Amino acid sequence: MNVNARILTHRVVQQCTLKRIVTFSTKPTQQAAAVAVPQQQEAPGPSVRKPIVPAHYRFVYPEFLPDPKVEWRNSVREKLERLDMLDRRRQIELPEFYVGSILAVTSSDPHAAGKTSRFVGICIHRERCGLRARFILRNVIDHQGIEVVYELYDPTIQKVEVLRLEKRLDDSLFYLRDALPEYSTFDEHMEAETLEEGTPVPVNDIKVVLRPRPWLERWERQNLLGVANIDQYLKDKHRKSAAKVQKPWEKYDLMKQYRSTIPEEEQKEIFAEVHTELHTLELQRKRNKRKRTFVKPKQLA
Amino acid sequence: MLRTVICDLARLRLSGSTSPAAVLVTQVREKGHLSRPRLRNPYWFIRKERTQTDDLVTGENRSFIKEVVHDTYGKPALIKGIQTYEQKQLIKTPVAPTDIEPWTPAVRRCGLIARKIGQYPLWLKNGERVRTTLLQVVDNHVVKYIPPGEYTPAQRPRVKHLDRYGCVLVGAESTNPALLTKEYCGIFRDSGVMPTKNLARFIVSPQAALAPGTPLNVGHFRVGEFVDVRGKTVDHGFQGVVKRHGFKGMPASHGVTKTHRRPGNIGGGGEKGRVWPGTKMPGHMGNRWRIIKGLRIWRINTKYNVMWVQGSAVPGSTNGLVYIYDTVLPLRKPKEAPPFPTLYETEDDAPEDIWYDQVHNFKDETITYKPE
Amino acid sequence: MAQILLRNVTRAGNVALLAKSNATSPLTAIVAGAANQCQLHTTPACCEIRKLSRLRVVDNSDLGKRAMAEGRPPRCIHVYNKRGVGLIGDKVLVAIKGQMKKGILVGLKQKQRLKQPQFDSNNLVLIDDNGSPLGTRIHVPIPTVLRTILKEKTLAKGADYTKVLAIASRYV
């Protein structure tokens, strides 16, 4: 009896640790699968209370999680920062988006003729947390590649629209700078594509074609998934040097993972604090949208 | 000493002619250069932490000690985001003394002890982004005031006319007295303040004297004013010349061997063939007291006692202690009277967040520019 | 310093260089593939505008068009500011097809400030001494900050740089 119980607990612990690793991984593509089936994961153990905060919040609002570097953390600062972020979010809608989504940002520009400027592009990178959260948009306009860095909580930003909500295979798409221009060309007057509610965010598994060397970075060292023809441009020396700098053991480095992520318990605490506010904002936005869609036919008629 | 020798010689000469009893010699002792008064630390520089021995105190006794602490100083509480005790014996809102002399620009006010809790950007109303550092004033109480006559430190601070100034001893972050030495707790005995982890002295004019037990809050400063912040810089240890002084180093290749991050030449030969004083060389970097002057206060939060000051170059690491003073820069000194000698807080008149009028409040609408 | 090290300096190599400098042409993949085979080495492109950095002419002036078509892009030989590194809106002196011409930088590869666009190439508009552009149209977008910068740089008696703004086709 006693032995049985011990084995059982051991197994449970094992399962827990396994699950933890899955939820802690930083690759968004793998998470997409995990996010898609949150109920199935939480199902075992009927006695376990369902968490109030939806599990996908840490992907939708990644900037609410502070920098995991211990030396820089302070609970009061983080709290004040979150309050300011919520204040800003009450003013404008900052929608859910990922690296690979296509956004349109309208911002006040003192230099522009109409004092606003709108830029459409694919989000190639998202970084930093708190009020410093920023993202980079890239587009090719008139055969000229252009990139703009925006801060998410900048009060001069008037509107952030998500024209196409999707993910790509990689965490950042800097390789689009070395890809053929058609892979980062997006129409400025593109209309927003709507996803049905409840569907998981689709992963676009497009593979881009790179231009020949010279490149801006050594892409062969970065294990990119979204590149089609990298092998074509590699010689043996490149492959060898790339193999030399690989660190395949790092995925087993639990300490490194621990240091570079916010523990799940803390994440729950943080989101429990802001959850109700974010949820009401979401609902409000949805209601407003429905109203808008209801009004439109009237005007047409 | 010389004089005694001369006296001895005189006595010898005299002794030949007259009787020795007739000459009366007084010995004079003079102060030599070795018998200067020692430079002593101020009396509040005492060992703080008690050696934690595994003394055999029973659980009952331990809880009794706890009870006594709570009876005298109040229960543990979270005041303004800081873990502290509700200090019952202190008058929370002492009535401002009636006989205050008015503030003049020449007066030195008391400062505050704060912690640097991080940094994040704020935006101005014209859309400009400013980087700010957050300083949290941590549970400050006046422990003691030493009037000008009595304040004669052995190590004189570099303040002109020090004899005209007094000194205010301020404590920050109260802690369990059972962890501290008896002598350290003795500093707080007459003030009625709970023993604190940190102590600092501020040199003040006698007009700006504060009564022991007065709580100091972030309201001591006003939004838009300028402050000086003193802190101990991050300790980098022994560092080379590239990191310590920003030298360029030498090329990584092109025939360079073993000289990539070295300083190169440190002096010429010839007549002055030596290393000049002040030459930048490798050495210990950081862990020094530094003052950064003239930082504007952009915003103040009275609920958590936090102020946002300009810039991200405040000395010290995050969660490190800093001291905040009125600025000494002549053009940035306050024109109008700040709260003097400090803000005697009334409970509910202060708004929670105070923004400087140039700063964009996150609750306001998006910044737009009007077309001409 | 943007140096080109050509092994077997041939005409084919020069053509390949042209293809690299404006990668937007549809021929790029083919020609550049050829370049890969013929062992063309270049140092990584310098992100700053200094002396001897290659630029891309983006207006439709005859001189600029011919220079770009021949694969001999202009080189900066002087930057008219005190730092020696060209920023957006700065005036530069370039060597183009054996002549010295002045130009204005209207797009940079370098890291830009927040909300200001960063371009994939270093763009130049040729001007004469009075500040009037040699071409009649700029065929790529230019940043809106130029409006303010060029207005500030135009003094009452000096050259009028704001004429460059008039020939722009699009702002970003």
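Let's start with strand S4 of chain A, which covers residues 144–151 in this predicted model. Seven of its eight residues are buried, so strand S4 of chain A is largely enclosed by the rest of the structure. A residue counts as buried here if 20 or more other C-beta atoms lie within 10 Å of its own.

What does S4(A) pair with? One partner is strand S3 of chain A, residues 134–141, and the two run antiparallel over eight bridges. If you want a spot to look at, find Ile136(A): its bridge partner in S4(A) is Val149(A). S3(A) and S4(A) form a hairpin with two residues between the strands.

Now hop over to chain B. Four of its strands form an open sheet with antiparallel pairing, and the order is S7-S6-S5-S8. Which strands sit at the edges? They are S7(B), residues 196–204, and S8(B), residues 215–216, and each pairs on one side only.

For S8(B), that pairing is with strand S5 of chain B, residues 140–146. S5(B) and S8(B) are antiparallel and share two bridges.

Note on methods. Residues numbered from 1 in each chain as written. Chains lettered and ligands numbered in written order. Predicted model: local features only at pLDDT ≥ 70, side-chain atom pairs only at ≥ 80, totals over all residues. Pairing = 2+ DSSP bridges. Buried ≥ 20, exposed ≤ 12 C-beta atoms within 10 Å, placed from the backbone.
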